[in-house]
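Subject: Structure handover

Hello,

Here is the structure I said I would pass on. Please have it open while you read the notes under it.

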Amino acid sequence: MELLKVKNLKKIFPKHKVAAVDGVDISISKGEIYGLVGESGCGKSTIARAILRLIEVQEGSVLYKEQDLLKMPYRKMRAFRKSLQMIFQDPHTSLDPRVKIGEIIEEVFIIHDNLSQQERRNKTLETLEMVGLGEAYLGRLPSELSGGERQRVGIARALATDPEFIICDEPVSSLDISVQAQILNLLMDLQKRKNLTYLFISHDLGVVGSICDRVSVMRKGRFVETAPCEEIFASPKHEYTKTLLNASRLHFR
Amino acid sequence: MNKLILSGAAIVIFFAIVALFAPLLSPYDPGEIDIENILTGPSPEHLLGTDSLGRDLFSRMVYGTRISLLVGLIAVGISALIGVILGSLAGYYGRWVDTLIMRFVDVMLCFPAFFLILAVIALLEPSIINIMIIIGVTSWMGVARLIRAEILSLKERDFIYAEKAIGASDLRIISRHLIPNAMGPVLVSVTLGVAAAILVESSLSFLGIGVQPPTPSWGNILSEGKSVMGAAWWMLFFPGLAIFITVLGYNLLGEGIRENILKT
């Protein structure tokens with residue numbers, strides 16, 4: 001069963017006049033990890049933001065459980081946001097520098113649930129523990145945390161709404177190599193435990209190859225190739241895919 | 001902490017204490033008339049001398065501090081409130097909202113503010129409350145521009161996208177996340193604004209259309225002093241000095257905050 005279906009998505013930034021995303025189709029099944037690979041600036045993050053309706057697009061539709069998110073009235077969309085979440089690339093800019101970790105997570109419960117202060121506190125703590133952070137972090141500011149810890153907070157915020165579908169927009173690319181593996185393991189572990197569906201964006205075919213079921217390779221706003229992960233690695237059809245593969249093999253040698 | 005902030009804060013706090021404890025600090029009732037001691041110079045009985053009705057100038061200056069600071073602070077509070085609200089709406093919503101508000105700002109800036117205030121006061125009665133409101137509603141444009149510029153850059157940051165993704169309302173995003181992060185430059189502007197507002201109030205009172213006697217303010221003491229300029233220097237010197245030092249204090253504080261914020 002298809003959870004998310006993107007049809008002919010098109011986004012043109014008025015200043016550049018070139019389509020950042022130029023007619024893209026994606027379909028993701030429940031429980032799948034769908035990879036999206038491409039060089040920086042090819043439109044990956046634009047797709048992520050368009051799906052969650054964080055930016056407006058010119059054309060296309062995003063069907064989530066057969067309902068078009070892009071045409072949904074604002075109020076209904078807010079309720080839908082619970083089930084679609086996003087983890088951002090740079091944990092240094094994705095947390096409000098003035099808000100304490102506990103409050104960042106608690107805010108989600110303030111927005112969506114009508115809970116007592118004590119219940120909210122418990123759920124906040126529960127959510128933080130899911131990503132390996134404890135009570136000690138509640139009163140800290142983002143600036144007092146390391147990159148990896150901040151990214152865990154970003155993941156906890158996404159999990160707080162208890163979503164089915166999470167867009168991971170290069171969640172490890174701004175982290176140290178040693179921390180990358182920890183965060184990837186955490187994401188994989190959560191995916192299995194909660195039967196989550198991921199749209200996993202990366203510029204690194206190596207990272208995507210190790211976790212995804214299917215992969216789309218993207219260049220200049222279009223998909224050049226979509227195939228199950230093993231197939232991409234075993235027999236890449238498009239020249240650009242081969243280039244990316246060679247680049248990531250160099251990386252690991 | 002740098003010297004600018006320290007010296008500015010010292011002056012600001014000094015006058016704040018004077019205003020707060022005015023009844024304890026003033027040896028006489030500021031309205032008490034003493035016909036026997038008209039226009040006497042500074043002396044141990046009357047530290048800063050007396051005015052043309054024999055009222056103790058020191059006591060009147062102390063009570064005048066209250067009025068001047070009150071008008072300055074509340075006027076700036078009103079202007080900051082209007083500026084922050086309109087500026088953040090313009091910056092966040094953009095498009096026609098932005099165009100509408102910012103063109104309105106341009107129009108407001110076209111008027112020479114002081115003469116606009118003069119014209120409005122001519123129509124209304126010159127009470128303290130009216131003066132605070134009028135100074136407030138004619139001085140918010142700078143704050144609006146600052147806030148708008150800050151929010152234009154802040155709203156593209158990931159943490160604002162994250163707020164939208166978790167379903168936060170526009171009101172929540174603006175009030176909890178954008179405005180607190182945009183307040184730095186506004187704080188500077190507001191501090192400098194207090195100095196400007198005190199000057200405007202003094203000027204209005206000096207012209208006789210500000211705070212009305214017998215309520216003492218630095219401006220209307222100056223105004224009274226003008227008519228006895230040759231005979232009683234203290235009637236011009238001390239209120240002038242008080243205005244000078246207060247304005248200096250707020251300006252030093254504002255510049256100090258600006259330097260410290262821009263450096264970090």
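The notes below cover a surface patch, a helix pair and some backbone details.

This is a predicted model.

Surface patch. In chain B, a nonpolar patch on the surface consists of Ile13(B), Ile17(B), Leu20(B), Phe21(B), Leu24(B) and Leu25(B), and together these have about 620 Å² of accessible area. Helices α1 (3-20) and α2 (22-25) of chain B each supply at least two of the residues, and α1(B) gives the most, with three. Phe21(B) sits in the loop between α1 and α2 of chain B. Its relative accessibility is 39%, so Phe21(B) counts as partly exposed.

Helix pair. In chain B, the axes of α7 (residues 141-154) and α9 (residues 170-206) come within 9 Å and cross at roughly 145 degrees. The crossing of α7(B) and α9(B) is right-handed. Residues making the contact include Leu146(B), Ile147(B) and Ile151(B) from α7(B), and Leu178(B), Met183(B) and Val186(B) from α9(B).

Backbone. Pro213(B) and Pro214(B) are joined by a cis peptide bond, with omega about 10 degrees. Pro214(B) belongs to the loop between α9 and α10 (218-226) of chain B.

In chain A, two residues other than glycine have positive phi: Arg53(A), at about 60 degrees, and Asp162(A), near 55 degrees. Arg53(A) is in the loop between α1 (44-51) and β4 (59-64) of chain A, while Asp162(A) is in the loop between α5 (147-160) and β7 (165-169) of chain A. Arg53(A) counts as buried because its relative accessibility is 18%, under the 20% limit. Asp162(A) is exposed, at 56% relative accessible area.

Regards

Conventions. Residues are numbered from 1 along each chain as its sequence is written. Chains are lettered from A and ligands numbered from 1 in the order in which they are written. This is a predicted model: local features need pLDDT of at least 70, side-chain atom pairs count only at pLDDT 80 or more; totals for chains, interfaces and linings use all residues. Side-chain values use heavy atoms; hydrogens and water are left out. Patches are made of residues with over 30% relative accessible area and no salt bridge: like charges are joined within 9 Å, nonpolar side chains (Val, Leu, Ile, Met, Phe, Trp, Tyr) within 5 Å. Accessible areas come from the Shrake-Rupley method with a 1.4 Å probe; for residues, only the protein chains shown count as cover. A salt bridge is a side-chain nitrogen of Lys or Arg within 4 Å of a carboxyl oxygen of Asp or Glu. Helices (H or I, at least four residues) and strands (E, at least two) are DSSP runs, numbered from the N terminus. Buried means under 20% relative accessible area, exposed over 50%, partly exposed in between (1.4 Å probe, protein chains only). Axes are lines fitted to C-alpha atoms, for helices over the stretch in contact, and angles run from 0 to 180 degrees between N-to-C directions. A crossing is left-handed if the near helix is turned anticlockwise from the far one by less than a right angle, and right-handed if clockwise. Contact means heavy atoms within 4.5 Å.
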